[in-house]
Amino acid sequence: MAPKLHSIIASPPVRAVLMCAKVLDVELELIPVDVLSKDHLKEEYLKKNPQHTVPLLEEDDGFLLADSHAIMGYLVNQYGKDDSLYPKNDSRLRAVIDHILHLDSSVLFIRGLLISKPLLFQKILPTEEKIKDLKEAFQILDAVLEKNQTKYVAGNSLTIADFSVVTTITCFDIFTPYAEFPHLKAYIERMEQESWYELNKEGLALNKKMIGELMNELKNQ
Ligand SMILES: N[C@@H](CCC(=O)N[C@@H](CS)C(=O)NCC(=O)O)C(=O)O
């Protein structure tokens, strides 16, 4: 049976896992979790994932794994025909991929989440300070891309780090435009040409519509 993915496509880390599964040609059974209706805070879900986040991977034998970065690494190791998306034997490339995955978790995604979570759940508009912090995160990634001069974010081949970074940056662009950063802009334009990018489009549009409408409503109050 296909592994289950508890998910909602409006979520960037969910879309990163969907892109990874597509490139690996792994089928996932999608189990909807409507975060806006607080499905993720129900007792049944909390028993599976005390972190109350999507995505959550669930195998038939009861194995559960939260966090998109961990899930993508697991999918490559467990189901990949090869490990090019997250190589085991190239310790330097793997370390660079890990760096970008941690940069996504600890700087890029979290700075966007610190804006979007209070906005969606408490209807609090972002402060200038929070937008400035997000912009600085974009600037950091721009500088990393400038320093590395590679086609993909961790080198000259596609890796799981690209799925994380692409979904995060395109989503939080609604708060501060990544196009102000030339290396970041060129990188996203390159990634938009890849077939797996298709899986970003519907969820990203849904997310931007929802956040855009909410911000307009709050600004007009
Ligand atoms: N580091 C986690 C972040 C996941 C995350 O924060 N997901 C959001 C949706 S985009 C969520 O489930 N938020 C609900 C909550 O934190 O209660 C990952 O990569 O999976």
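**Close-up views of a predicted model**

**View 1. Residues around the ligand.** In this predicted model, the ligand is surrounded by 14 residues, of which the closest are H52, V54, D67, S68 and K117.

**View 2. Polar side chains at the ligand.** H52, D67 and K117 each place a polar side-chain atom at the ligand. For H52, an N or O atom of the side chain is 2.8 Å from a ligand oxygen atom. For K117, a polar side-chain atom lies 2.9 Å from an oxygen atom of the ligand. The ligand taken alone exposes 510 Å², and the protein buries 88% of that area.

**View 3. The peptide bond between V54 and P55.** V54 is among the residues closest to the ligand. The bond joining V54 to P55 is cis, with omega at about 5°. P55 sits in the loop between α2 (43-48) and β3 (56-58). Most peptide bonds are trans.

**View 4. The backbone at D25.** D25 lies in the loop that runs between α1 (12-24) and β2 (29-32). Its phi is positive, about 65°, although D25 is not a glycine. Most residues other than glycine have a negative phi.

**View 5. Packing of helices α5 and α7.** Helix α5 (residues 128-148) packs against helix α7 (residues 182-192) at an angle of about 75°, and their axes are 7 Å apart. Because angles of 65 to 115 degrees count as roughly perpendicular, α5 is roughly perpendicular to α7. On the α5 side, the contact is made by F138, L141, D142, L145 and E146. On the α7 side, P182, H183, L184 and Y187 take part. By class, this contact has six nonpolar residues, one polar residue and two charged residues.

Terms used
Residues are numbered from 1 along each chain as its sequence is written. This is a predicted model: local features need pLDDT of at least 70, side-chain atom pairs count only at pLDDT 80 or more; totals for chains, interfaces and linings use all residues. Side-chain values use heavy atoms; hydrogens and water are left out. Axes are lines fitted to C-alpha atoms, for helices over the stretch in contact, and angles run from 0 to 180 degrees between N-to-C directions. Helices (H or I, at least four residues) and strands (E, at least two) are DSSP runs, numbered from the N terminus. Angles under 35 degrees count as roughly parallel, over 145 as roughly antiparallel, 65 to 115 as roughly perpendicular and the rest as oblique. Contact means heavy atoms within 4.5 Å. Ala, Val, Leu, Ile, Met, Phe, Trp, Tyr, Cys and Pro count as nonpolar, Asp, Glu, Lys and Arg as charged, and the others, Gly among them, as polar. A residue is near a molecule or strand if one of its heavy atoms lies within 4 Å of it. A polar contact is a pair of N or O atoms within 3.5 Å; within protein, one must be able to donate a hydrogen and the other to accept it, and residues adjacent in sequence count only if both atoms are side-chain atoms. Accessible areas come from the Shrake-Rupley method with a 1.4 Å probe; for residues, only the protein chains shown count as cover.
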